[in-house]
Every structure is written in C-alpha cells, then in structure tokens.
Amino acid sequence: MSDLAEPIPGVALAHRPHRTAGYLLCMGAAVLFAVNGTVSKSILISGIDPSRLSQLRVTAAFLILLVVVAIIRPSALRIRRDEIGILLAFGVLGVAMTQYLYFVAIKLLPVGVALLIEFTAPIMVALWFRFGMHEAVKRQVWVGLVLALTGLALVGQVWLGFSLDALGVIAGFGAAAALAVYFLLGDRQVRRPEPRDPVSLTMWGFGAAALFWAVVQPWWSFPWTELSGEGYPLGTDNSAVSLWTLCLWMIVLGTVVPFWMEVEALRNIRASQASVIGMTEPLVASAIAWFALGEVLTAVQIVGAVVVLVGVYVAERSR
C-alpha cells in the first residue's frame, strides 16, 4: 500500500502448512512493499501527480489480476447484483483513496514516517467497533492507542513545534482511515454467506478504483510525457533509471507479487503471526529510504517508531 498494514482476511490455512515458508513469504512481501515506498517516491519526485500514479498502479494491477483470475478461477469473474455496491465502496474508498493518500503522504514526508501513520489503521478499526458499532473492546486497545499517539508525538518531535509537513500528516491519517475501510469492507465480503475469495476481491477492488480514476481523470488526458524521463531511486545522478522501469517495478514487484506472497503466506501461518512480521515494513522502509534518499530519522524518531508499532501490536493482539 504500504499497502497492507495487516494480513488479508479470508485466507484459509493449507491442510499441511509449512510455517517456515509462510514466514519467509510474509517477510519477502514486507520487504518488497518497503522497497516500493522508495521506488514510488522516486517517481513522484520526478513531477508526476500522486493521483495519476495511483491511477496507473491500480489499473495495471487490475489488468494483471484479471488475467490471473480468468485463468485460475473464471467463475469469480461473475459479480452478483447484491455485491456491486459493496465492491464499488471497497474499491473507491478502500483501494483508490488508500493508494492516493499514501502517495501524497510519502511525497511530503519521509517514507517511514508516512507508513507509521498509515499503520495506525488497525487501531481505527478497533475504535470503529467501539464507537460506531457500540461494541465492547478490551483495555489493550486503549493502551495501544496511547502508545501509538505517544510514538507519533516522538516521531513528529512536537516539542520542536511539530517538524513534519502538516498536509503530509493529514494525508497519512487519511490513508490510515481509508485502509481501515479496506479492512472492514474486505472482512465483510469474505464472511458473507457466499464469500468471495481474497484474490478476486482484491482484483475487483482494483477494478473499481481504476473505474473511479477513469471517470475523474479520463485516460485520454493522462500526461504520458511525464513518464518519459528518469528517476533516481538511489538519490544520485549515476543511479538514473527510466520512469517506465520504475513504474513497472511498482506495479509488478511493488503490488502484484507481494500481494500474492501474502496470500500464500497466510495459507501457512496464522494472521496474528503474519501481523507481527508485517510490522517490520516501516522499519525496513525507513532503512531503505535512509540509504537511497537520505531520509535520516533522529534517535528520538526511531524510538517513536518502535513505540508506534508496539501500540499497533498491542491493539491487534486484543482482537
């Protein structure tokens, strides 16, 4: 996203799960998602608008997944009438807005910081169940919320007058809210009487997002010339890579492949186990962005990042 701050719902364990393979796949997905943060930022720095990059990513990913689903499970291409509304909401609010706001956030903030803010989505889910659904939540949720807010305050260095870009922070929390919608609507779809499998659900989510962007900003107005230049994923002139190559990486190795790896990982390990591994993504992303883009975090910000992840973990474990 990032793209997935917690595992995809609805993936059943295999009859003979291979735990080591599951852990390796999940870690590999987290690393690819983390690398994609720097790759995407390199594209954004070149001047392309976040909404256009989001449009390119979701549309290309939809087309790839469409081919995959058509081959492995063609029956999933059918959409029931009672699914249309929920799939549109899932795609527009959950997929398109998460992608777009995440891109805005990483353009204005260090990649790791943007991911940390987005990773508060599970806490938002818990708060929705408490205040939106009026369901009781465990005390750990509140402990997790306090820890996450304290960690974010350290990351933002509020005692210095808040050192982060305000619009970037707003976009980061917007991405977290959209990701929370993604989790809630996705979980609802895979738990229906006639559940939809997570691969076709994600495919139609990307499809609805692609349709949304095609209406809002038609393809005939796409600024193709802006992709004719070069990006610098390692931050130096001798690391120049064509923007088309970076976009291909973003679509294939930054979206489709890590998504497949997460689905396969969840056939071998439980969601709670995958959640812990997935939380390494902001730390890995910060290390990569520090090496490639020179986005150095202070010692206090690194401590804050760890506190945020501990808070999210505590809230997640409460469920």
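A patch, as I use the word, is made of residues with over 30% relative accessible area and no salt bridge, where like charges are joined within 9 Å and nonpolar side chains (Val, Leu, Ile, Met, Phe, Trp, Tyr) within 5 Å. A salt bridge here is a side-chain nitrogen of Lys or Arg within 4 Å of a carboxyl oxygen of Asp or Glu. Areas are Shrake-Rupley with a 1.4 Å probe, and for residues only the protein chains shown count as cover.

The model is predicted: local features need pLDDT of at least 70, side-chain atom pairs count only at pLDDT 80 or more, and totals for chains, interfaces and linings use all residues. Numbering runs from 1 along each chain as its sequence is written, and side-chain values use heavy atoms, without hydrogens or water.

Now the surface. Ile79, Ile84, Leu88, Leu211, Val215 and Val216 make a nonpolar patch of about 530 Å². At least two of its residues come from each of α3 (84-108) and α8 (198-216), and α8 contributes the most, three. Helices are DSSP runs (H or I, at least four residues), numbered from the N terminus. Ile79 sits in the loop between α2 (50-72) and α3. Its relative accessibility is 37%, so Ile79 counts as partly exposed (buried is under 20%, exposed over 50%, partly exposed in between).

Confidence next, as pLDDT, the predictor's per-residue score from 0 to 100. The chain averages 82, and 86% of the residues score at least 70.

Conventions. Buried < 20%, exposed > 50% of the residue type's maximum accessible area, 1.4 Å probe, protein only.
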